[in-house]
Amino acid sequence: MRPTQTDRAGGPSPALLRYGAAAAAVTAAAAVGANAVDADSAWYRALRKPPWQPPPWSFGAVWTPLYASVAYAAGHALGRTEDARRRRQLTASLAVDLALNAGWNWLFFARRSPRAGLVGTVLLDVANAELLRRTAQVDRTAARALLPYAAWCGFATALNASLVRRNS
């Protein structure tokens with residue numbers, strides 16, 4: 001189903017509303033999480049990092065399309081979910097996932113705790129698996145769109161674990 005500007009009654013189409021709501025939720029999570037990040041802090045700069053950590057500029061370059069893919073996947077899958085109960089479950093799964101996504105920044109940067117961040121990112125990986133499972137039940141295309149996001153979060157977990165090991 002392709003989003004259109006308006007429906008026959010003249011209001012915004014259901015697809016436009018669905019994709020817009022998904023994009024707004026993802027944008028809100030990204031903004032809430034970004035408010036905790038201080039990659040220029042003396043604390044963060046002093047952490048011993050693995051040689052395979054990406055350069056700082058790459059995080060924004062990676063997260064932007066990943067967030068776009070999550071918004072697309074959510075809007076697409078919700079449009080394919082005809083059962084109201086499944087739609088609520090998928091929406092709840094997305095909400096938990098986005099809350100954990102934003103929360104990691106607060107655990108790691110605001111608390112200055114790689115250990116708390118590791119707990120948060122492991123929980124995010126579990127939430128990603130659940131979101132992928134629920135999405136795949138209704139829309140395999142949307143589930144495939146989530147795979148790079150889940151993979152990057154898995155990479156982030158490995159990076160976070162390395163930071164814990166190197167700085168304990």
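Of the 168 residues in the protein chain, 41% count as buried. The model is predicted. Its secondary structure comes to six helices and zero strands. Along the sequence, the pattern reads α-α-α-α-α-α.

**Overall dimensions and surface**

The table collects values for the protein chain.

| Property of the protein chain | Value |
|---|---|
| Box filled by the C-alpha atoms, along the principal axes | roughly 60 × 30 × 25 Å |
| Accessible surface | about 9200 Å² |
| Accessible surface belonging to carbon and sulfur atoms | 63% |
| Distance between the centres of the positive and negative side-chain sets | 5 Å |

The charge count is 20 positive and 9 negative side chains. Contacts reach across the sequence: among those between residues at least 6 apart, 73% join residues at least 24 apart.

**The H3–H6 pair**

Two packed helices are described by the angle between their axes and the distance between the axes. Helix H3 spans residues 56-80, and helix H6 spans residues 140-166. These two pack at an angle of about 145 degrees. Their axes lie 8 Å apart. The crossing of H3 and H6 is left-handed.

Which residues make the contact between H3 and H6? From H3 come Phe 59, Val 62, Trp 63, Leu 66, Ser 69, Val 70, Tyr 72, Ala 73, His 76 and Ala 77. H6 supplies Thr 141, Ala 142, Ala 145, Leu 146, Pro 148, Tyr 149, Trp 152, Cys 153 and Leu 159.

Methods. Residues are numbered from 1 along each chain as its sequence is written. This is a predicted model: local features need pLDDT of at least 70, side-chain atom pairs count only at pLDDT 80 or more; totals for chains, interfaces and linings use all residues. Side-chain values use heavy atoms; hydrogens and water are left out. Helices (H or I, at least four residues) and strands (E, at least two) are DSSP runs, numbered from the N terminus. Buried means under 20% relative accessible area, exposed over 50%, partly exposed in between (1.4 Å probe, protein chains only). Contact means heavy atoms within 4.5 Å. Accessible areas come from the Shrake-Rupley method with a 1.4 Å probe; for residues, only the protein chains shown count as cover. Lys and Arg count as positive and Asp and Glu as negative; His and the chain ends are not counted. The place of a charge is taken as NZ of Lys, CZ of Arg, CG of Asp or CD of Glu. Axes are lines fitted to C-alpha atoms, for helices over the stretch in contact, and angles run from 0 to 180 degrees between N-to-C directions. A crossing is left-handed if the near helix is turned anticlockwise from the far one by less than a right angle, and right-handed if clockwise.
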